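Here is a quick tour of one protein model, taken a piece at a time. Keep the picture open while you read, and look for each part as it comes up.

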Amino acid sequence: MERGGTAALACTFRSSSSSSPVSHCSPLLRSRGRPPAPAGAPHLLLPTGRRFSQNRFLETSKGLKRYSLTTFSPFGRPTSLNDADLVKDKMLIDCGEEQGCVLDGIVALGKFDALHIGHRELAMHASKSGNPFLLSFVGMAEVLGWEYRPPIVAHCDRKRVLSSWAPYCRNVVPLEYQVEFSKVRYLTPRQFVEKLSTDLRIKGVVAGENYRFGYKASGDAAELVKLCEEFGLSAFIVRSVMDTAKGSYNGATPAVNSSDKGQVSSSRVRQALSVGDIEYVSKLLGRKHRLVLTVSECSIKERKNIIIPKSCMVNMPPADGFYENCELFNGGYLGLCRVVISTETIDIEMKDESSLSPDPFQEVQQLGIEFG
């Protein structure tokens, strides 16, 4: 069959008698804008009552002080938190008017792009002191003018990944809420912690030892602890999870940056994906990488092969190349496959032709490929 023309690949493969449900993921071209984890892995509780110094953990005791509700301006220079004109400005963009989604919880702070094992460590420690939540900051690239990069984890796949963390988090699935970066960009470190305390009414925070916050990243982990103590919050600073797999798998090395001190990071995951080092990616993520594809309008099936244009990708793929021992999902498990990623298409060849129905896209609009 000819596969040279992009127009030919834009056809729809579906039964004329069936309608396709609305997709929860959009392909990259259109958007700029639980399997159990290994059981019995030893995880140590953070030691308590220690003051911050270099590589030590710490926790501040939860005090009794609480402050009245305040507001802030997300635009321009830092302003007074008592500006009554902004009282309706909410911090969480995916929570209700009362902003009670993380009430009395322990919140892990970060960007959480890759949801890698370092991020999982933060959620694990949060679960030891209360209900664990992830507070993710979104829209940074648009505000700061960074070049667009596809997400490592598809937005529609994040709940599945977080569900797989439950065995590490006392059988509780961490919930994730998002903060629009433009709303907190100009907050001082003090204003940011005050928002956590008075608006979100959390019980405590967890952050990595290299965490920076506040306007122009002016606050560090030590200041976070000091401010949390002042506002009656617990603060847990977690040592970075180091990349022990570095050098073991094909030499995938991330671009050097000022914050890279050998720890597991989203930058390392991106670099490993960009060179197709799947084994290294799996080590960093603590799971297989899943590529999500929107297929309702851009897929072709012929016998045991499925051909999908790369424009249908929802998140970051590994480098172009040939990958064996992959698994295909369409909501449920379809079977083993091998995958060829080329300049324009993703060609999936099933190991067992019978694992594909005559119309594998009849009931769903996404496919997921796990590489491993």
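## Aromatic pairs

How many aromatic pairs does the count come to? The count comes to 7 aromatic pairs. Keep in mind that you are looking at a predicted model.

One of the pairs is made by F137 and F192, and its geometry is tilted, with 6.0 Å from centre to centre and 45° between the planes.

## Helix α5 meets helix α6

Stay with α5 for a moment. Two packed helices are described by the angle between their axes and the distance between the axes. For α5 and helix α6 (residues 221-230), that angle is about 50° and the axes are 10 Å apart. The two helices are therefore oblique to each other, and α5 passes α6 in a right-handed crossing.

Which residues of α5 and α6 meet? On the α5 side you'll find P189, R190 and V193, and on the α6 side E223, L224, L227, C228 and E230. Sort the residues of this contact by type and you get 5 nonpolar, no polar and 3 charged.

## Helix α7 meets helix α8

Helix α7 (residues 266-274) packs with helix α8 (residues 278-285) at an angle of about 160°, and their axes are 8 Å apart. That angle makes α7 roughly antiparallel to α8. The crossing of α7 past α8 is left-handed.

R268, V269, A272 and L273 make the contact from α7, and Y280, V281, L284 and L285 make it from α8.

## The open sheet

Time for the strands. Strands of a sheet pair through backbone hydrogen bonds, either parallel or antiparallel. Here 7 strands form an open sheet with antiparallel pairing, and their order is β7-β13-β10-β11-β12-β9-β8.

Which strands stand at the edges? They are β7 (289-294) and β8 (300-302). Each of them has a single partner strand, so one side of each is left without a neighbour in the sheet. Going from one strand to the next, the twist averages 30°.

## Hairpins in the sheet

Let's zoom in on a few of those strands. Strand β10 (residues 321-329) and strand β11 (residues 333-341) run antiparallel and are joined by 7 bridges. To see how they line up, check residues facing each other: C326 stands opposite C337 in β11, and E327 stands opposite L336 in β11. The two strands form a hairpin with 3 residues between them, and G331 in the turn has a positive phi of about 105°.

Next, follow β11 onward to strand β12 (residues 345-350). This pairing is antiparallel too, and runs over 5 bridges. V339 stands opposite I348 in β12. Here as well a hairpin does the joining, taking β11 to β12 through 3 residues.

Technical notes
Residues are numbered from 1 along each chain as its sequence is written. This is a predicted model: local features need pLDDT of at least 70, side-chain atom pairs count only at pLDDT 80 or more; totals for chains, interfaces and linings use all residues. Side-chain values use heavy atoms; hydrogens and water are left out. Axes are lines fitted to C-alpha atoms, for helices over the stretch in contact, and angles run from 0 to 180 degrees between N-to-C directions. Helices (H or I, at least four residues) and strands (E, at least two) are DSSP runs, numbered from the N terminus. Angles under 35 degrees count as roughly parallel, over 145 as roughly antiparallel, 65 to 115 as roughly perpendicular and the rest as oblique. A crossing is left-handed if the near helix is turned anticlockwise from the far one by less than a right angle, and right-handed if clockwise. Contact means heavy atoms within 4.5 Å. Two strands pair if DSSP finds at least two bridges between them. Rings of Phe, Tyr and Trp (its six-membered ring) pair if their centres lie within 6.5 Å; planes under 30 degrees apart count as stacked, over 60 as edge-to-face and the rest as tilted. Ala, Val, Leu, Ile, Met, Phe, Trp, Tyr, Cys and Pro count as nonpolar, Asp, Glu, Lys and Arg as charged, and the others, Gly among them, as polar.
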